[in-house]
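Hi,

Here's the structure I promised to pass on. Have a look first, and my notes follow below.

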Amino acid sequence: MLEVDGLRKAFGRATAVDDVQLSVRQGSVFGFVGPNGAGKTTTLSMVAGLLRPDAGTVRVTGIDVWAEPARAKSRIGVLPDRMRLFDRLTGAQMLYYTAVLHGLDRTTAVARADDLAVALGLDGSLERPVRDYSVGMVKKISLAAALVHSPAVLVLDEPFESVDPVSTAQAVDLLRRYAAAGGTVVLSSHNMDLVERVCDTVAVIVGGRILADGTIDEVRDGRSLEERFVELAGGRVAVEGLEWLTTFSA
Amino acid sequence: MVDHVLRLKLTLLGSALRPGRGLLAALAVLVLAGAVGTAVIVLALAVDPSRADHRAAVVVAGAALALGIAVAPLSAGLGSALEPRRFAAFPLDPRRLAVSLAAAGAIGVPGALAVVLALGLVLAWADEPTSVAAIIAGVLAAVASILVSQYLVAIGALLAVSAAARRAVTGVARLIIVIVLTAVAVTVVSIIDGSASEALIGTAALLANTPMGMLWAVPGSDLAGLLARLLGGIVMVGVLAVGWVWVVARLLEAPQRTRTRTATIGLGWFDLVPATPAGVIAARSMLYWARDPRYRAVVLALPLAPVLMMLALAVAGSPLPPLWLLPLPVLALFLGWFAHNDAAYDHTALWVHVAAPLPGAADRWGRCVPPLLLGLLLLPPAPLFALWSGVDGVLPALLGITLGLLLTGLGVSSIASALGAYPAARPGAGPFDQPPTLGSRAGWTQALSLLATLALMAPALVAALWGVTEPAWFVVAGIAGVGTGIGMLLLGIVVGGRVFRARAPELLDLAQRS
């Protein structure tokens, strides 16, 4: 469903993503984990067609994202991390805007926006401008915007950061239902418990390279995902030289 | 009540003169005001009411300085302005507050200058039979200036909802004062060296029939005109006074009026446009032109460009009437040109467009709609400007060139904003905030897009110039302008759309770096 092959991106001299290979099958939820600066966002941006790779291919439902961007993008829903929205629009306007940009007609766009607002607990906030939203609410409206054109593949970068537990549970249910119906989800997260709970397969990226991938059970190898992740990321560095932190000032 | 507000005003004035950071600025303002006041008295004593050009100069300078006095309170910043809304929390009678505020407005530098200006009118006409009329007119004019300044303070306070907007209001007020002083200086110089008295008398005659200039023309009019203008002045001051009480009452009753529109029910603009990518992008674009300070400042400041240009050329000695042909084309040119970095104004929100499978041309079309609508507003007043210019048969050329510059500018901008985008101020930033790094690309894009527009329109512009000697060319220029405009807009949208599609990830990358 999603095939990534030999993906590479360098910013100046620093290689952010080095020869990344991924394969996500249809109807599964794929978790992408890695320490800060490991290349998660860079990889996901290239998968979603937002950042041009230096080398490699991305195929979504068999369509090459970088050769036929328009065809591919109508099949992808994106939630990028740390990008603005047109935040002077209200939530309702924002959803309608993305829906129409993806080719939906007026009635469908309005109806779907209402459905998503209820499903994600946004109803009641849709009349307010997005700039007045909290960080968590911005994530929720972005998720709704990514879903509104019912894409075959969802690419979500840190979708649950700053989202409250109730809304997270609601969103997770929604994603599981979407995957059960044949949708494919790629998400990145720092929350290992959540990844263990939600994802079918997982890949660990460190320093731009994939160090482990497979089903959750394969990757964690008998331990918890968090322990395995810390080990792959270089293990805990023994804290030395901070003796002063144990002598408390009066 | 009145004395409370006056005491507050005096305290505010006193605090401006206390030692500190503001003292130097306050002293500079005092020196400037003193110089202007002295100049008014000296010049008034030198006026010879029997000379037509002197009479005209009194009208022009009087009207200009009155305008300066009216905006003067805004130029000091709105930090401690006595505006009605500040008193909303107190249980006050609006009528008495209105009187108090107007009285307080008369105290201080603008009030003193208004009195000096009125005194100047009286002195200029002291030995003439109409000196009594001059006294009445002077008093009315001073009162009118102060009342108008109070209106402007109230409006300025309503506009200044953010720090950036406050700076913009102050900046515009200061700019108007500079323009006013320049205009007066130009008038005086033209009297001394005897040049341009025709134009001056024409301008004065025009002003004398407007509320701005009628009171200053009172003592120089024949009996019928004198009575009519005095009556007009009395009516004007009456309307201003009654209106002021009403405005104060309104502001006291509804102090939060500017803040009520936080919620939009339904989809707003989006309900009015077709549900197509180009349609919604146009609606979103209009919303940003209307609400984002970066766009708003340009829309407000744009009309100043032709004014400054006309002023500069008039100072340089070019005759006034043909200059009326400049404002509309200049506005159209800048309006079209301003869109040349529109994609960068979205900042990283551009991802919404990059992630969607929309045709590039739809993005380009949508962004063109707000400047296009604004630009179409330039066409209805064209006959008036053509008439004022006194050039026979110039209307088709004026219409065609204005439309052509706008459309060609938008076409060029459609390509430039995809090809030569450079970092722009972030959404929500003040109109005068600049991104940390601009790079040399900004200068190239700005210069090339302006030059390209002018170069593409060159045939039509040249034809319009030929029209000055052979009016038949005006029609040719008009047709050529419209033709070039439509062709270049369509070409720009198609080419710009392709470039945008191809370079969309790079544009997003640029936004992320800036």
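Starting with the largest cavity: β6(A) gives the biggest share of its lining, 3 residues. Strands here are DSSP runs of E, at least two residues, and helices runs of H or I, at least four, numbered from the N terminus. This is a predicted model, with pLDDT of at least 70 needed for local features and 80 or more for side-chain atom pairs, while totals for chains, interfaces and linings use all residues. Residues count from 1 along each chain as written, chains are lettered from A and ligands numbered from 1 in written order, and side-chain values use heavy atoms, without hydrogens and water.

That cavity has a volume of about 70 Å³. A cavity is a set of points on a 1 Å grid over the protein atoms alone where a 1.4 Å probe fits but cannot get out, and lining residues have an atom within 4 Å of a point. Both chains line the cavity, with A:H102, A:H149 and B:W351 among the residues. α5 (135-147) of chain A and α16 (351-354) of chain B also supply at least two residues each.

On to the interface: 33 residues of chain A and 45 residues of chain B are in contact (heavy atoms within 4.5 Å). There are 2 salt bridges between the chains (a Lys or Arg side-chain nitrogen within 4 Å of an Asp or Glu carboxyl oxygen). One salt bridge pairs A:R88 with B:D292, with the closest N and O atoms 3.8 Å apart.

Cheers

Notes:
1 Å grid on protein atoms, 1.4 Å probe; cavity = no way out; pocket = protein on both sides within 12 Å on 5 of 7 lines; lining within 4 Å. Points joined across faces, edges and corners; volume = space filled by probe spheres on them.
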